Amino acid sequence: RALAAASTADVLRLWQGLGYNSRAVRLKQIAEAVIERFAGVIPDDAQTLRALPGMGPYTVSALRAFAFDCDDAATDVNVRRVCHRLSYGVEYPARVSAAQLDVDARALVPAGRGHDWNSAMMDLGATICTARAPKCLLCPLQTACAAAPIDPARLDMLRKQHGRKPSPQEAMPFEQTTRFARGRIVDRLRGLPAGQRISLLELHRDMREVLRERSPEEVGTIVAALMRDGLIEERNGLLALVD
């Protein structure tokens, strides 16, 4: 209820340092929807959760597994990798689709143990069945695994041959990405005293050292995207976080 009642600007200020700013806006929208539709009680039904704003398949599965201990599988990249290796062998090239791996993962969840199973699989993928240097000799699933034992050198060769190529944004230094620019612009507007606004030209001037490669036009394009995402608003040509 506190999140639903708070201003978006206050939520964004408190969110500083916690990742994508758009997630804070979506969380507030979800809180508002839960108050309005469900009297403040978050539902545990998958279809109902998907109807809430910003709730994709992974978020729904993670919420059901970790908050409600439902028999669901939150298939992040680690869990999918473990499931692929268990059932089909090394993931390069992929033998099945991500959707099929999601189905396989759900079939592996022991009845009534959704929270424990998801925690265990995520830990296994993060610490033992890793992307580049799997520790098969330490793995509790090695005798049931279609991929074990995995040779890291061969895995690296297969990854280079069949792995996904990084996008242009992923390949460039982080400081040159749109994500970096978005975050710094929101940070600048976070720092404004309550009730104060600045123009786009003032924003570009203030960000000149941080966003050295960005022209005023580029900053304007990023600001427009932030406005569409509900993070920034413009009044009489002046910018601030959404109230």
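What volume does the second largest pocket have? It comes to about 310 Å³, while the largest pocket has a volume of about 510 Å³. This is a predicted model, where local features need pLDDT of at least 70, side-chain atom pairs count only at pLDDT 80 or more, and totals for chains, interfaces and linings use all residues. Residues are numbered from 1 along each chain as its sequence is written, and side-chain values use heavy atoms, with hydrogens and water left out.

**Terms**
- A pocket here is an open set of points on a 1 Å grid over the protein atoms alone, where a 1.4 Å probe fits, with protein on both sides within 12 Å along at least five of seven lines; lining residues have an atom within 4 Å of a point.
- Points are joined across faces, edges and corners, and the volume is the space filled by probe spheres set on them.
- Helices are DSSP runs (H or I, at least four residues), numbered from the N terminus.
- Ala, Val, Leu, Ile, Met, Phe, Trp, Tyr, Cys and Pro count as nonpolar, Asp, Glu, Lys and Arg as charged, and the others, Gly among them, as polar.

**Largest pocket**
- The largest pocket has a volume of about 510 Å³, and V77, E91, Y92, G163 and R164 are the closest to its centre among 18 lining residues.
- Helix 6 (77-88), helix 7 (98-108) and helix 9 (152-162) each give two or more lining residues, and helix 6 gives the most, with four.
- Its lining has seven nonpolar, four polar and seven charged residues.

**Second largest pocket**
- Of its 19 lining residues, G19, Y20, N21, R179 and G183 lie nearest the centre.
- Helix 11 (178-190) and helix 3 (21-38) each supply at least two, with helix 11 giving the most, eight residues.
- This lining splits into eight nonpolar, six polar and five charged residues.
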